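Hi,

Here is the structure I promised to pass on.

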Amino acid sequence: MNMPPIVSPQEWDAAREELLVKEKELTRARDALAAERRRMPRMAVEKDYRFEGPNGPASLLDLFQGRRQLIVYRFFFEPGVAGWPESGCRGCSFMADQVAHLAHLNARDTTLAYVSRAPQADIERWKARMGWDIPWYTITDHFDKDFGVDEWHGTNAFYRDDDGRLFRTYFINARGDEALGSAWAYLDMTALGRQEEWEDSPEGYPQTQAYGWWNLHDEYDNATVFEAALAADAASQRGPRTRS
């Protein structure tokens with residue numbers, strides 16, 4: 001291989017600082033793109049899409065699991081896919097292996113779900129083999145065709161308003177899926193984003209202090225370290241408690 005030259009630590013630092021300028025530009029451009037996504041017009045979901053889940057029939061609203069936002073990835077695991085019924089699409093499987101712990105998405109009122117045309121018994125067997133715990137449903141109608149994922153993989157984002165109306169808010173497919181997997185990447189494609197104060201979002205969008213909501217994935221029912229520190233600081237300002 002024709003490798004780059006070997007340089008001194010000082011020259012390496014200079015080269016890295018030069019490239020860092022471009023990396024920061026990319027980060028800012030990614031933030032700006034996410035801000036534009038949060039201003040995308042919504043498309044009302046008019047049809048009553050039906051799925052089969054591990055607990056029986058389910059609607060698209062059921063896939064939200066009571067949360068405000070839903071992200072749906074179309075996984076090709078079904079008759080006609082290479083390796084069926086023993087395995088699913090290699091690319092889709094590669095994607096599934098990179099999904100972050102779902103508790104972090106759930107903490108931002110967002111649910112991630114997979115859909116395929118495989119029967120539930122096959123989906124459960126495949127999930128058990130691969131060690132995945134992503135909620136996974138069977139498509140029973142034209143959901144895949146209507147949302148651009150009948151012939152290729154893709155990720156759709158949906159939003160549920162206070163009246164229970166559903167809206168399609170964004171869609172990522174092809175190589176765009178390569179960036180997905182982290183909680184940040186998924187939240188950046190949603191209508192509400194990461195919901196942190198530094199984000200450029202429309203007025204009235206839910207936002208909290210950065211770092212403030214982050215927690216261990218098994219402790220989201222408890223106060224975060226940040227919240228606990230604020231509470232302790234507030235208590236210290238009030239002075240010691242006295243017994244009556």
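A quick word on surface area before anything else: accessible areas come from the Shrake-Rupley method with a 1.4 Å probe, and for residues only the protein chains shown count as cover. On that basis the chain has about 14800 Å² of accessible surface, and carbon and sulfur atoms account for 53% of it.

Keep in mind that this is a predicted model, where local features need pLDDT of at least 70, side-chain atom pairs count only at pLDDT 80 or more, and totals for chains, interfaces and linings use all residues. Numbering starts from 1 along each chain as its sequence is written, and side-chain values use heavy atoms, with hydrogens and water left out.

The chain has eight helices and eight strands (DSSP runs, H or I of at least four residues for helices and E of at least two for strands, numbered from the N terminus).

The bit I looked at is helix H5, residues 120-130, where Gln120, Asp122, Ile123, Trp126 and Lys127 are buried. They sit on the same side of H5 because they cover an arc of only 155° around the axis (taken from the directions from the helix axis to the C-beta atoms). That side packs against strand S2 (50-53), helix H3 (90-96) and strand S6 (136-139), with contact meaning heavy atoms within 4.5 Å. Exposed Ala121, Ala128 and Arg129 are on the face turned away. Just after H5, Gly131 has a positive phi of about 75°.

Cheers

Conventions:
Buried means under 20% relative accessible area, exposed over 50%, partly exposed in between (1.4 Å probe, protein chains only).
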